[in-house]
Amino acid sequence: MKTVTIEELLTWAFVHELPKGGGVDGLDNANSAWRMLEASSWGKITSFAELGAIVDQGRGDTENYWIEQGEPHDDAVAVGRAVAGLSRCDVAVPAGWNALADWPDTEGMAEAAVRKAVERYMVRTPQRRAAGVVSLVVGTAILGREPDFGAEPSKVRMIERGGRPAWFVTRRMKHEDGQTYDLEVDGYNGRTQRPVKGAYRKYEFSIDPTGDILGRLDYQIWVAALRRLEAEIATQLVGHRLVFSDRSMTPWLEADRPGVAIVERAADRPAKKTAVAC
């Protein structure tokens with residue numbers, strides 16, 4: 001048996017084994033071992049053993065060609081099934097999750113940016129989030145590298161308007177529907193050249209950290225997915241032995257801290273009193 005890490009196993013499976021059946025298009029071809037597993041069409045792969053190779057001829061029979069590729073290794077099939085199974089899961093972000101905990105104190109600005117980024121991520125449907133997990137695992141396996149979790153602290157600056165510090169004020173407005181709303185408007189009186197009563201200044205980051213926050217979210221999703229795959233695949237392998245990873249959830253901090261989790265999507269849970277973690 002060959003001893004490997006989960007990352008090495010995934011790269012081997014998605015680069016060398018699961019493209020089989022896909023001809024020159026590899027994984028992208030509907031007849032590749034991976035696409036069949038993804039579509040829960042394993043019966044087609046058994047026919048692949050009888051035919052010697054199943055390779056789609058491609059669009060117009062001109063952009064692909066038949067090629068003898070053989071069957072994917074059993075361990076690669078186990079890997080593919082487990083990765084395809086991530087499409088039935090979802091991402092759980094814990095309350096108070098702070099992707100920028102290593103930044104200097106920004107008087108709540110960093111925490112607010114994290115909350116906004118998480119809200120933006122959670123607007124996606126559960127199906128889109130699950131598809132993103134699968135794409136993340138497959139993409140990193142093919143590239144052979146981990147997601148980038150770099151996030152240099154951004155400088156805090158006063159918001160300006162026309163090259164000068166801006167003023168803001170909150171006004172309570174009554175809408176035609178009868179509801180009352182608080183709206184933030186310009187707090188500077190151009191006539192008197194002075195800020196209006198109750199006006200305040202606001203601050204912003206010189207560089208929007210949203211991309212870095214989502215990058216760290218992707219990193220933790222990837223680590224959580226690898227841990228799940230390790231646990232699921234370890235006892236199914238026939239030609240490989242897994243060395244379990246001690247990869248940190250928070251490599252940007254001195255100590256490892258809990259992070260996001262991969263959980264079974266509610267719609268796919270069996271009728272049990274206790275939900276089973278994915």
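**Exercise 1.** How much space lies in the second largest pocket, and which residues line that pocket?

*Solution.* Start with the ground rules. This is a predicted model, where local features need pLDDT of at least 70, side-chain atom pairs count only at pLDDT 80 or more, and totals for chains, interfaces and linings use all residues. Residues are numbered from 1 along each chain as its sequence is written, and side-chain values use heavy atoms, without hydrogens and water.

Step 1: define the pocket. On a 1 Å grid over the protein atoms alone, a pocket is an open set of points where a 1.4 Å probe fits, with protein on both sides within 12 Å along at least five of seven lines. Lining residues have an atom within 4 Å of a point.

Step 2: read the volume, the space filled by probe spheres set on the points, which are joined across faces, edges and corners. The second largest pocket holds about 150 Å³.

Step 3: list the lining. Arg-161, Gly-162, Arg-164, Pro-165, Ala-166, Trp-167, Tyr-188 and Arg-201 form it.

**Exercise 2.** Find the volume of the largest pocket and the helix that gives the largest share of its lining.

*Solution.* Step 1: the volume is about 210 Å³.

Step 1: the lining includes Ala-112, Lys-116, Phe-205 and Asp-208.

**Exercise 3.** Is Leu-183 buried or exposed, or in between?

*Solution.* Step 1: Leu-183 has a relative accessible area of 42%.

Step 1: buried means under 20%, exposed over 50% (1.4 Å probe, protein chains only). Leu-183 is therefore partly exposed.

Methods. Helix = DSSP H or I, 4+ residues; strand = E, 2+ residues; numbered from the N terminus.
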